[in-house]
Amino acid sequence: MGEPPKFFDEMRGQGDTPRAPYGSFYDWFGGEDLKRLKQKSAEAEQFFRRTGITFNVYGEAEADERLIPFDIVPRILSAAEWTKLSKGIEQRVRAINAFLYDIYHRQEILRAGRIPVELVANNDAFLPEMIGVTPPGGVYTHIVGTDLVRTGENQFYVLEDNARTPSGVSYMLENRETMLQMFPELFSRIKVQQVSNYPMRLRRSLAATAPRAASKKPVLAVLTPGIHNSAYFEHAFLADQMGAELIEGHDLRVVDGRIAMRTTRGYKAIDVIYRRVDDEFLDPLTFRPESLLGAPGVMDVYRAGGITIANAPGTGIADDKAIYSYMPDIVEFYTGEKAILENVPTWRCSEPESLAYVLDHLDELVVKEVHGSGGYGMLVGPAASKKEIATFRAKLSARPGNYIAQPTLALSTVPILTSKGLAPRHVDLRPFVLVSPDRIDITPGGLTRVALKQGSLVVNSSQGGGTKDTWVLEE
Amino acid sequence: MLGKTAGGLYWMFRFLERSENTARLIEAGFRIALTRPLSAEDEWASILDTIGVRSAYLDRRETIDAAGVVDFLLRDKNNPTSIMSAIQNARDNARLVRIALTREVWEATNECWITLSDALKRPVRDRDLPSVLSLIRHQSAQVRGALHGTMLRNDLYNFCRLGTFIERGDNTARILDVKYYVLLPSLAQIGSSLDNVQWETILRSVGGQRAYRFLHGGDVSPPGIAEFMILDGRMPRSLSFCTAKIADNLGYLEMDYGQRVQSHDQVGRMKGALVGTTIEQVFEYGLHEFLLDFLADMARLGASIEEDYRFIS
């Protein structure tokens with residue numbers, strides 16, 4: 001082999017032989033014809049297009065539906081790796097729910113001085129409307145998508161805790177379906193933990209948080225902003241798979257103190273809303289008055305215990321990028337244990353010393369907006385031009401409190417299939433976590449996003465990223 | 001089921017039916033243009049009248065000719081009744097009600113949209129028209145096949161069928177009304193023109209020329225055609241057939257929901273009026289008036305269904 005790779009490659013590790021989890025796959029791949037695999041790859045694309053697994057890109061003139069490119073080389077984790085990860089995730093998600101309960105009730109963590117008060121008080125993601133409200137079953141984050149990155153054999157970091165309305169789970173499921181259809185022989189050779197029961201687990205988990213007013217078999221509905229939303233496919237997919245209705249704001253009305261949907265036979269009460277609209281659009285009577293996406297009056301019904309909203313309004317305070325840097329403290333404060341999963345070292349630009357350091361090292365750091373998402377409005381120092389850095393410096397100096405900075409992580413790579421064979425590309429991982437009153441349930445695997453461009457560290461689908469099937473091997 | 005979902009299914013199938021009907025009209029026009037070039041221009045104009053878009057067409061184009069009309073009806077995005085617009089609308093509605101459709105129906109609809117978007121990206125040349133029209137027929141047959149083969153026979157299916165037959169009944173009545181004068185008995189000389197171009201177009205517009213011959217042999221006559229298309233319960237595009245199907249599907253909904261609503265009474269009256277009627281009585285009443293009544297009844301019925309089943313709030 002040539003030069004040793006700078007990055008940790010999950011298939012090859014450091015040596016010439018594949019790492020253990022990839023052994024069987026590597027043998028299989030060695031016996032395959034590259035042309036056949038390319039052919040299969042094209043078939044997969046056809047399959048996605050026919051099924052309509054597409055997303056819309058915001059800000060593009062032609063609001064086209066686009067496919068997220070799918071790479072056929074799976075990302076593979078051993079059972080032992082997964083066990084460790086899932087323990088860390090469970091601990092973190094437990095802490096997040098305890099934090100949310102606390103922050104909307106007695107605020108012990110602020111009293112104890114573990115988090116600056118103004119970080120919560122002045123934060124748009126903190127909803128005063130939720131103060132003193134306990135969600136049905138005590139669950140705040142019914143669904144969490146914890147973003148993880150890896151930099152070495154045993155080194156994982158949590159990049160983000162997506163505690164609002166994490167998306168991407170439909171890709172986790174469809175990627176597996178596609179692999180099963182294309183390469184059944186692989187799955188008889190390699191034992192992979194299944195993901196396909198996620199929708200049923202989601203249903204069970206949501207139903208377990210139904211309010212007291214609910215009927216015996218709770219009525220579930222997925223609230224979507226509509227067919228033009230970038231994740232509409234996923235909303236429809238999940239509603240379909242769970243056997244729930246797919247509703248929009250204009251299907252809803254308050255009837256006898258419950259939120260009810262307009263059916264062909266009249267209005268019917270809903271017990272649990274899995275909402276895929278943001279807090280601020282949820283209820284025009286409480287939040288943005290011009291919003292057409294939500295249900296007028298839903299917050300009053302919610303506060304009176306007439307409906308479950310998943311995730312609960314106001315969970316954004318837990319995955320806010322400014323709060324993120326305090327997560328190790330939060331985990332310790334509520335669980336009494338040290339965090340199993342590490343945070344990425346983070347400079348809070350609101351602090352003068354940190355800001356000075358960040359301004360001096362812009363070419364090495366990744367700088368993110370505190371409230372941004374989807375890879376928009378961020379600076380990747382090592383990849384940026386001098387001009388881009390200068391522009392960003394001005395923005396950062398003007399509103400330092402709006403930014404955090406992190407070192408550019410040496411993200412691990414997993415090979416993708418290119419016309420010349422396997423080639424390493426950077427990846428991250430979003431496992432999906434379900435929280436119900438009595439348990440936390442993590443589907444083995446998750447969504448692996450991959451930066452398809454050589455050398456690129458940005459895995460977001462809106463920025464040229466693709467996805468891979470993620471395998472967790474049976475013991 | 002959500003009212004919105006019922007509405008989405010209903011409109012999805014109305015639009016699919018509309019695209020098929022338009023394809024059939026283009027096919028009939030094209031056939032006439034090839035076999036009887038002298039009548040072609042009138043024929044294209046009357047096709048525009050049938051769909052009710054003559055003035056919309058003339059807003060955008062100077063002359064009525066084959067290339068212009070075919071392009072306008074096939075792929076003009078500014079024409080809300082063009083095949084491409086109808087397919088787009090059908091697919092938008094299908095996306096809206098995706099969870100009410102089986103995977104097969106959704107995929108067939110999506111594939112129909114992908115395939116036709118591609119085939120209709122550029123103007124279709126004369127020599128490619130037959131294959132494009134057959135592609136359209138083929139694609140919508142896939143959707144229909146998936147519907148019949150995979151959907152549960154419940155209220156979802158009933159709303160799909162209601163959309164289909166409201167649109168189809170309306171379409172057949174329009175075809176007849178645009179040419180009602182050639183079907184009047186006063187113009188029919190016994191045994192005169194077996195080769196009447198107008199009669200042929202009418203039959204072709206509903207894809208009924210072979211079925212008619214099968215039933216009536218060589219006996220092609222205006223009252224025969226009128227009876228075939230209005231009253232013949234065996235002909236799947238006749239007014240009687242469409243009305244009976246609408247009544248059936250509303251009847252299933254009544255049983256299923258245990259609710260009787262205004263549209264049930266309306267369709268009952270329409271069906272009753274057709275059952276007891278002979279073609280002679282239709283002519284006596286006035287074919288044109290009869291058809292206008294039917295079109296108005298059909299429009300009212302559609303509106304009542306939307307209201308009865310809460311398609312919109």
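Predicted model: local features only at pLDDT ≥ 70, side-chain atom pairs only at ≥ 80, totals over all residues.
## Confidence along chain A

Chain A as a whole has a mean pLDDT of 91, and 96% of its residues reach 70 or more.

Residues 59–63 of chain A stay under 50 in pLDDT, and the model gives this stretch one contact beyond four places in sequence.

## The buried side of helix 8 of chain A

Helix 8 of chain A spans residues 198–207, and its buried residues are Tyr198(A), Leu202(A), Arg203(A), Ser205(A) and Leu206(A). These residues lie on the same side of helix 8 of chain A because they cover an arc of only 170° around the axis.

## Where chain B touches chain A

The contact between the two chains draws on 18 residues of chain A and 21 residues of chain B. On the chain B side, two or more residues come from each of helix 1 (3–35), helix 5 (83–96) and helix 6 (103–119). Helix 6 of chain B supplies the largest share, five residues. By class, this side of chain B has nine nonpolar, eight charged and four polar residues.

## Helices 5 and 6 of chain B

Helix 5 and helix 6 of chain B also pack against each other, at an angle of about 150° and with their axes 10 Å apart. The crossing is left-handed.

From helix 5 of chain B, Met84(B), Ile87(B), Ala90(B), Arg91(B) and Ala94(B) take part; they meet residues of helix 6 of chain B including Trp106(B), Cys112(B), Trp113(B) and Leu116(B). The contact of these two helices comprises eight nonpolar, two polar and one charged residues.

Terms used. Residues numbered from 1 in each chain as written. Chains lettered and ligands numbered in written order. Buried ≥ 20, exposed ≤ 12 C-beta atoms within 10 Å, placed from the backbone. Helix = DSSP H or I, 4+ residues; strand = E, 2+ residues; numbered from the N terminus. Arc of directions from axis to C-beta. Contact = placed C-beta atoms within 7 Å. Nonpolar A, V, L, I, M, F, W, Y, C, P; charged D, E, K, R; others polar. pLDDT = per-residue confidence, 0-100. Axes fitted to C-alpha atoms, helices over the stretch in contact; angles between N-to-C directions. Left-handed = near helix turned anticlockwise from the far one by under 90°.
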